[in-house]
Amino acid sequence: SSREAAGEAIYAALFDSAPSLQSLFKTARSVMAMRFMNGLNSIVSSATSPSALKTQVETLGFQHLDLEVTIPRVVIFRDAIIDLFDMEMGARFTSKAKLGFLALLNYVGGAYIYIRREYAVRIKIINTSWRTANNKAADFMDQGEEGATDGAERGDGDAGGEEGETDKAAIEKGPDAGAGAKKPNEAARASGEATNTSNMKVPTTFNEMFM
């Protein structure tokens, strides 16, 4: 179709002018050509509405965060597209149309650079923090499972002896001795809970939360 032919022409013009840029794109040529064409078409279609154009360019900018967009590369892309239009359209590509496309492509290229500079590092920090949090959570779960297993094994071995000592002490003190006192296990548990409560600290920094 004419759309596919236009995409192929844009692709060829871009990489004929700068063959080194071809290494930036790993997708098949036919797919990449259609992406170029669809992206350019969406930008031109939104050009009559500033808010729609801003949204469209931001969307495309976030899709290109993995590419190192620089001013020299923007100039290469811009000039290749302008030269292609000039060659294919001839006199129909007027000076006013050329200035309009230059301004539009400069805006798009500048937006790509701005989005990468302002947001790429932030997204990288978020991804790193997320991986750190997941790793720490996995470590805590592993430690908890190991502690529960060890505690269960020790509890099975000590249960008989503790029960015997408790029964012996109750017999010696009489039936009323334990009415106002807590059992040894309950007292220890209460003491442990109080200690844990007093030592609890709410994390306020990244390192306290995950490190």
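**The largest pocket and its surroundings**

Tutor: Helix 1 (2–17), helix 2 (29–46), helix 3 (50–63), helix 4 (71–89) and helix 5 each contribute at least two residues to the lining of the largest pocket. Please keep in mind that this is a predicted model. Among these contributors, helix 2 gives the most, with seven residues. The space in the largest pocket comes to about 780 Å³. Its lining counts 29 residues, and those closest to the centre are Phe25, Phe36, His64, Phe77 and Tyr112. Sorted by class, the lining holds 17 nonpolar, six polar and six charged residues.

Of its 211 residues, 20% count as buried.

Now for the charged pairs. Side chains of opposite charge can pair when their charged atoms come close. The whole structure has four salt bridges, and three of them are worth a visit here. In one, the side chains of glutamate 8 and arginine 29 meet at 3.1 Å, N to O. This pair links distant parts of the chain, since glutamate 8 sits in helix 1 and arginine 29 in helix 2, 21 residues apart. Glutamate 8 is partly exposed because its relative accessible area is 30%, and arginine 29, at 41%, is partly exposed as well.

Another salt bridge joins the side chains of arginine 78 and aspartate 79, at 3.0 Å, N to O. Arginine 78 has a relative accessible area of 18%, so it counts as buried, the cut-off being under 20%. Aspartate 79, with 29%, is partly exposed.

The side chains of arginine 117 and glutamate 118 also form a salt bridge, at 3.3 Å, N to O. Arginine 117 is exposed, with a relative accessible area of 53%, whereas glutamate 118 is partly exposed, with 23%.

Isoleucine 123 is part of helix 5. With a relative accessible area of 34%, isoleucine 123 is partly exposed, and it can therefore belong to a patch, where over 30% is required.

How values were computed: Residues are numbered from 1 along each chain as its sequence is written. This is a predicted model: local features need pLDDT of at least 70, side-chain atom pairs count only at pLDDT 80 or more; totals for chains, interfaces and linings use all residues. Side-chain values use heavy atoms; hydrogens and water are left out. Helices (H or I, at least four residues) and strands (E, at least two) are DSSP runs, numbered from the N terminus. Buried means under 20% relative accessible area, exposed over 50%, partly exposed in between (1.4 Å probe, protein chains only). On a 1 Å grid over the protein atoms alone, a cavity is a set of points where a 1.4 Å probe fits but cannot get out, and a pocket is an open set with protein on both sides within 12 Å along at least five of seven lines; lining residues have an atom within 4 Å of a point. Grid points are joined across faces, edges and corners, and a volume is the space filled by probe spheres set on the points. Ala, Val, Leu, Ile, Met, Phe, Trp, Tyr, Cys and Pro count as nonpolar, Asp, Glu, Lys and Arg as charged, and the others, Gly among them, as polar.
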